[in-house]
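Me: Let us go through this model together. I will ask about charge pairing and then about open space.

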Amino acid sequence: VGIIALSLAKSPTMRDRGRYWVIPQELYPVMEQMSVVLAHAKDRDSASHFQQFVSSRRGVEVLTSFGFKMPSE
């Protein structure tokens with residue numbers, strides 16, 4: 001028994017192994033996450049494209065499929 005991120009439990013490597021139970025949201029504080037492109041990034045264009053993808057409809061679909069919740073949820 002252990003506690004891992006839901007995104008890991010839903011990953012291709014883990015999703016067919018064992019079982020998981022989602023801890024109810026009201027039992028722990030919200031963990032807000034965000035992304036930024038650092039000013040000194042070696043490849044700012046790629047980083048910006050990635051950030052745009054993550055916030056796009058498809059990016060949100062991918063994140064949601066791994067158990068992430070968007071701020072509007």
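**Salt bridge and pocket**

Reply: Glu 61 forms a salt bridge with Arg 58, with 3.3 Å between the closest N and O atoms; the term means a side-chain nitrogen of Lys or Arg within 4 Å of a carboxyl oxygen of Asp or Glu. This is a predicted model, in which local features need pLDDT of at least 70 and side-chain atom pairs count only at pLDDT 80 or more, while totals for chains, interfaces and linings use all residues. Residues are numbered from 1 along each chain as its sequence is written, and side-chain values use heavy atoms, leaving out hydrogens and water.

Me: How many salt bridges does a search of the whole structure find?

Reply: The search finds 1 salt bridge.

Me: Where do Glu 61 and Arg 58 lie?

Reply: Both are in helix α3 (residues 57-65), 3 residues apart, or about one turn of the helix. Helices are DSSP runs (H or I, at least four residues), numbered from the N terminus.

Me: Why does Glu 61 count as partly exposed?

Reply: Glu 61 counts as partly exposed because its relative accessibility is 39%; the class lies between buried, under 20% relative accessible area, and exposed, over 50% (1.4 Å probe, protein chains only). Arg 58, at 48%, also counts as partly exposed.

Me: Changing topic, which helices each supply at least two residues of the lining of the largest pocket?

Reply: Those helices are α1 (6-9), α2 (44-54) and α3. The largest share of that lining, 5 residues, comes from α2. A pocket is an open set of points on a 1 Å grid over the protein atoms alone, where a 1.4 Å probe fits, with protein on both sides within 12 Å along at least five of seven lines; lining residues have an atom within 4 Å of a point.
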